[in-house]
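These are my notes from a first look through one structure. I begin with the space left open in it and then turn to the chain around it.

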Amino acid sequence: MPPFLYIFLGALAIVSALGVIIQRNSIHSLLSLISTLLTIAILFIGENAVVVGFLQIIVYAGAIMVLFLFVIWLLNLQVETGPTGHLALKAFGSLGAALLVTELFFLLAPPHLQVKFTQEPAGYGSLASLASKLFTDYLVAFEVTSVLLLAAVVGSIALARRLPVVVEEQPRVEEKIAS
């Protein structure tokens, strides 16, 4: 991957990650998070970790973001009122700012700060190496993450569920006067 593309994708990932924090609408924030995850997946693919890149797209940008979307819809969050802008203009402005920052970096960075790329060993990012690491070194972390996601889904459903309100019948005014 050319260094310019690598730095541009990194800057784009940072800008879209800031969009996750800055957006007022939760759906727009989720879309910014999806673009961040897709950009990181492209960086993985560019580094010859194709399996990790596609797993990033399928698992995180696909399945988990759909789960987050369902949780947001289930909670029925209301959008805060305030000044609104055009999302497309913000996206193109962010893209332009990322391009300008990247160009400025190339113009002003001294040679010792520029990115030097190394060659990864053979089998880096392959499915066999990923499976061996995942099911040996990181098995506990993998299972803890799955339990944490399950607890988050159960908690969001419990918060979103509306219990029927039982109204206790008050005695009528005529009954109070008669007694």
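I looked up the largest pocket and found about 790 Å³ of space in it. A pocket here is an open set of points on a 1 Å grid over the protein atoms alone, where a 1.4 Å probe fits, with protein on both sides within 12 Å along at least five of seven lines; lining residues have an atom within 4 Å of a point. The volume is the space filled by probe spheres set on the points, which are joined across faces, edges and corners. I counted 25 lining residues, and Leu55, Tyr60, Leu130, Leu134 and Phe142 lie nearest the centre. Two or more lining residues come from each of α2, α3, α5 (127-134) and α6 (139-160). Helix α3 gives the most, eight residues.

The model is predicted: local features need pLDDT of at least 70 and side-chain atom pairs pLDDT 80 or more, while totals for chains, interfaces and linings use all residues. Residues are numbered from 1 along each chain as its sequence is written, and side-chain values use heavy atoms, with hydrogens and water left out.

I noted seven helices and zero strands in the protein chain; helices are DSSP runs of H or I with at least four residues, strands are E runs of at least two, and numbering starts at the N terminus. Of its 179 residues, 18% count as buried, meaning under 20% relative accessible area, against over 50% for exposed and partly exposed in between (1.4 Å probe, protein chains only).

Is glutamine 56 buried or exposed? Glutamine 56, in helix α3, is buried because its relative accessible area is 10%. Leaving out residues up to four places away in sequence, glutamine 56 touches Leu37, Ile40, Ala41, Phe44 and Ala61, where a contact means heavy atoms within 4.5 Å. Isoleucine 58 also has its place in helix α3, but it counts as exposed, because its relative accessibility is 57%.

Asparagine 48 sits in the loop between α2 (26-46) and α3. I noted its positive phi of about 65 degrees, although asparagine 48 is not a glycine.
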